[in-house]
Amino acid sequence: METNRLSPTLAKALNNQMTNEAHNAQIYLAYASWAADKGYDGISNFLFRHANEERNHMMKFLEYILKRGGKVVVTAIPAPGPDPLNVNDCFEKVFQSEVDNTTRIYDIVNMSMAEKDWATWNFMQWFVKEQTEEETLAMDLLSKIKVAGGVNANDSALYALDIDLGKTPDDATLAQDVTVENP
């Protein structure tokens with residue numbers, strides 16, 4: 001008896017996204033290592049935590065594929081690319097990576113809707129919210145870096161930013177969660 005509940009197209013898309021999440025973890029690891037090498041321990045810690053979060057996302061996809069009776073296909077992870085040129089470049093790359101990931105998530109949501117695979121559509125809603133958080137967090141960080149001077153941030157501004165990022169929570173406050181009492 002066939003127990004696979006995923007179409008071939010959705011199974012392929014979910015497997016590709018699993019690999020993409022692993023790739024995103026590698027990007028965060030590379031940037032965290034770069035930051036540590038430059039002496040930005042707070043930034044490094046922040047990025048290492050996000051690398052772990054991306055690995056957790058990868059595992060969510062793996063488990064979902066298995067629980068729906070699909071076949072998990074583990075493939076090679078692309079290299080993370082070149083090191084950032086500076087802190088501003090680092091977080092611009094982080095933001096672009098998250099935007100690209102959001103596009104991939106939305107593609108799977110659209111595919112699941114077109115195929116009327118409501119289980120997958122429901123599963124993907126967690127990732128839709130997660131990507132909103134990730135993009136908001138990256139935009140907030142870019143705003144902080146801009147205030148610090150952007151590409152031209154001086155050492156004392158970068159030092160303060162590094163200290164701040166070491167304490168920055170991993171989640172962003174979303175617009176949908178804001179109230180008059182808690183803006």
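Predicted model: local features only at pLDDT ≥ 70, side-chain atom pairs only at ≥ 80, totals over all residues.

Visitor: What does the C-alpha trace span along its principal axes, and what share of the residues count as buried?

Guide: The C-alpha trace spans about 65 × 45 × 20 Å. A residue is buried under 20% relative accessible area, exposed over 50% and partly exposed in between, with a 1.4 Å probe and protein chains only. Of the 183 residues, 46% count as buried.

Visitor: How is the packing of two helices described?

Guide: Two packed helices are described by the angle between their axes and the distance between those axes. Axes are lines fitted to C-alpha atoms, for helices over the stretch in contact, and angles run from 0 to 180 degrees between N-to-C directions. Here helix H1 (residues 8-37) packs against helix H2 (residues 41-67) at an angle of about 165 degrees, and their axes are 8 Å apart. H1 is therefore roughly antiparallel to H2. Angles under 35 degrees count as roughly parallel, over 145 as roughly antiparallel, 65 to 115 as roughly perpendicular and the rest as oblique.

Visitor: Is the crossing of H1 and H2 left-handed or right-handed, and which classes of residue make the contact of H1 with H2?

Guide: A crossing is left-handed if the near helix is turned anticlockwise from the far one by less than a right angle, and right-handed if clockwise. H1 and H2 have a left-handed crossing. Their contact contains 19 nonpolar, 7 polar and 4 charged residues. In this scheme Ala, Val, Leu, Ile, Met, Phe, Trp, Tyr, Cys and Pro count as nonpolar, Asp, Glu, Lys and Arg as charged, and the others, Gly among them, as polar.

Visitor: At what angle do H3 and H4 pack?

Guide: Helix H3 (residues 87-114) and helix H4 (residues 118-148) pack at about 160 degrees, with axes 9 Å apart. These two helices are therefore roughly antiparallel to each other. The crossing of H3 with H4 is left-handed, and the contact of H3 with H4 has 20 nonpolar, 7 polar and 4 charged residues.

Visitor: How do the axes of H2 and H3 cross?

Guide: The axes of H2 and H3 cross at roughly 15 degrees and come within 13 Å, so the two helices are roughly parallel. This crossing, of H2 and H3, is left-handed.

Visitor: How does the length of H2 agree with its number of residues?

Guide: The expected span of a helix is 1.5 Å times one less than its number of residues. For the 27 residues of H2 that gives 39 Å, and the end C-alpha atoms are 39 Å apart, which agrees. The 13 residues of helix H5 (residues 155-167) should span 18 Å, and the end C-alpha atoms of H5 are 19 Å apart, which also agrees.

Visitor: Which residues of H5 are buried?

Guide: An α-helix has 3.6 residues a turn, so residues three or four places apart point the same way. In H5 the buried residues are Ala-157, Leu-158, Leu-161, Asp-162 and Leu-165. Seen down the axis of H5, they fall within an arc of 140 degrees, so they line one face of the helix. The arc is that of the directions from the helix axis to the C-beta atoms. The face of H5 turned away from its buried side carries the exposed residues Ser-156, Tyr-159 and Lys-167. Tyr-159 has a relative accessible area of 57%.

Notes: Residues numbered from 1 in each chain as written. Heavy atoms only, no water. Helix = DSSP H or I, 4+ residues; strand = E, 2+ residues; numbered from the N terminus.
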